[in-house]
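Look over the sequence and the model below. Then read on for a short report.

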Amino acid sequence: MTAECGEALLFFLPHEKRISKEPLGGGIVNDTWRLTLQSGRKYILQRLNPSVFPDSVAVQENLRRVTEHIHKYIHAARASFSPPCQRPFTLFHLVPDKDGAITYSDDKGACWRLLTYINHSRSLASLSAPAQAEEIGATLGLFHRLLAALPPESLTDPLPGFHNTPRYLAGYDRILSAPRNPEAEDCRNFIEQHREDVFLLENACEQGRISRQVVHGDPKVANFLFSENGEKVISLIDLDTVRPGLLLHDIGDCLRSCCNPLGEEVEHPEDIVFQADYCAAALNGYLTTAADLLNSEDKRLLIDSVRLISFELGLRFYSDYLLRNCYFKVEYPEQNLFRARAQFALARSIERQYERLCALIR
């Protein structure tokens with residue numbers, strides 16, 4: 001996509017010359033590059049996947065509102081803590097063209113954007129110490145505190161049905177009804193054994209028992225930027241999925257990712273263990289910045305939400321594998337199958353430790 005990259009850069013910064021371009025991150029939906037310009041400045045150039053985000057205008061407008069809101073209120077949010085929060089946190093800016101446009105559309109219909117680069121930062125595929133999990137938990141809590149003041153009705157839902165587990169199960173059933181022999185019996189059996197679980201959070205939400213506000217949508221480890229030494233979290237990125245949703249979806253997804261030090265690309269899923277000490281550290285961090293956002297029912301269902309999110313992601317990976325990998329990017333045909341097995345193994349590990357993990361919450 002060298003030509004398209006050049007055209008996008010010319011749209012945003014017509015008088016700048018690029019001296020290097022390198023792929024950045026391991027995203028499995030969008031394409032991301034770090035650009036270094038002749039002036040020495042660095043930027044992030046992204047191409048949104050049009051098959052995942054068909055309404056790029058809505059995604060971009062959400063991004064504008066969320067980033068403007070955070071930049072406006074971050075200092076007030078820090079000051080509201082007692083004592084005031086000294087946690088480092090920065091956020092990228094959208095780079096507009098000379099007329100203020102934040103979106104470039106190429107001749108193939110794909111949407112491009114340019115972001116400021118956060119210097120002296122790095123992303124991690126997985127964690128190596130509970131202290132890192134505590135950092136992530138505290139930053140997610142601060143992020144939720146900031147978003148709690150943003151009216152949900154001010155955003156468009158970029159992915160209707162996202163994190164709706166019953167919807168993903170219904171889609172899986174439609175795949176099975178097609179004239180094709182399903183593969184991987186172990187995955188099919190695990191899904192069948194957990195059918196009754198999929199309505200847990202949906203029912204609680206419909207009954208108004210759990211907390212709903214604007215959330216990140218995808219707070220996995222790789223979306224937190226650490227300082228160069230890997231000790232402090234300094235930013236949270238990939239805000240395309242910011243939307244009105246459940247706090248439990250965000251916290252559950254964050255813990256699912258934080259508490260699996262082996263990461264999501266695992267050759268031997270049987271080696272995966274949900275680490276209780278990482279879970280305790282992440283929750284401790286979260287509660288230092290956002291304890292007041294959770295009600296008693298949120299806390300009661302918290303471990304269930306981690307297990308359910310692991311199941312949901314495994315279901316999505318396996319469904320995409322059966323559809324020949326049309327959603328998540330893959331490097332080889334069986335990759336989504338291996339990803340599914342890793343998530344199901346993580347859910348099993350949570351189930352084996354269920355009482356112990358619930359005791360952590362209590």
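Packing is judged by contact, meaning heavy atoms within 4.5 Å. Buried means under 20% relative accessible area, exposed over 50%, and partly exposed in between (1.4 Å probe, protein chains only). Among the buried residues of α8 are Tyr278, Cys279, Leu283 and Tyr286. Ala276 and Ala290 are buried as well.

This is a predicted model: local features need pLDDT of at least 70, side-chain atom pairs count only at pLDDT 80 or more, and totals for chains, interfaces and linings use all residues. Residues are numbered from 1 along each chain as its sequence is written, and side-chain values use heavy atoms, with hydrogens and water left out.

Two helices can be set side by side. The expected span of a helix is 1.5 Å times one less than its number of residues.

| Helix | Residues | Length | Span, first to last C-alpha | Expected span |
|---|---|---|---|---|
| α8 | 276-290 | 15 residues | 20 Å | 21 Å |
| α10 | 302-322 | 21 residues | 30 Å | 30 Å |

How many residues of α10 are buried? The count is 21 of 21, and the helix is mostly covered. Just after α10 comes Arg324, with a positive phi of about 65°.

Two loop residues also have positive phi. His120 sits in the loop between β5 (111-116) and β6 (121-123). Its phi is near 55°, a positive value in a residue other than glycine. Is His120 buried or exposed? His120 is exposed, at 57% relative accessible area. Asp238 sits in the loop between β9 (233-236) and β10 (243-246). Phi of Asp238 is near 55°. Asp238 has 25% relative accessibility, so it counts as partly exposed.

Now the whole chain. The protein chain has 12 helices and 10 strands. These are DSSP runs, numbered from the N terminus: helices are H or I with at least four residues, strands are E with at least two. Buried residues make up 56% of the 362 residues. Of the contacts with a separation of 6 or more, 72% join residues 24 or more positions apart. The C-alpha trace spans about 60 × 60 × 40 Å along its principal axes.
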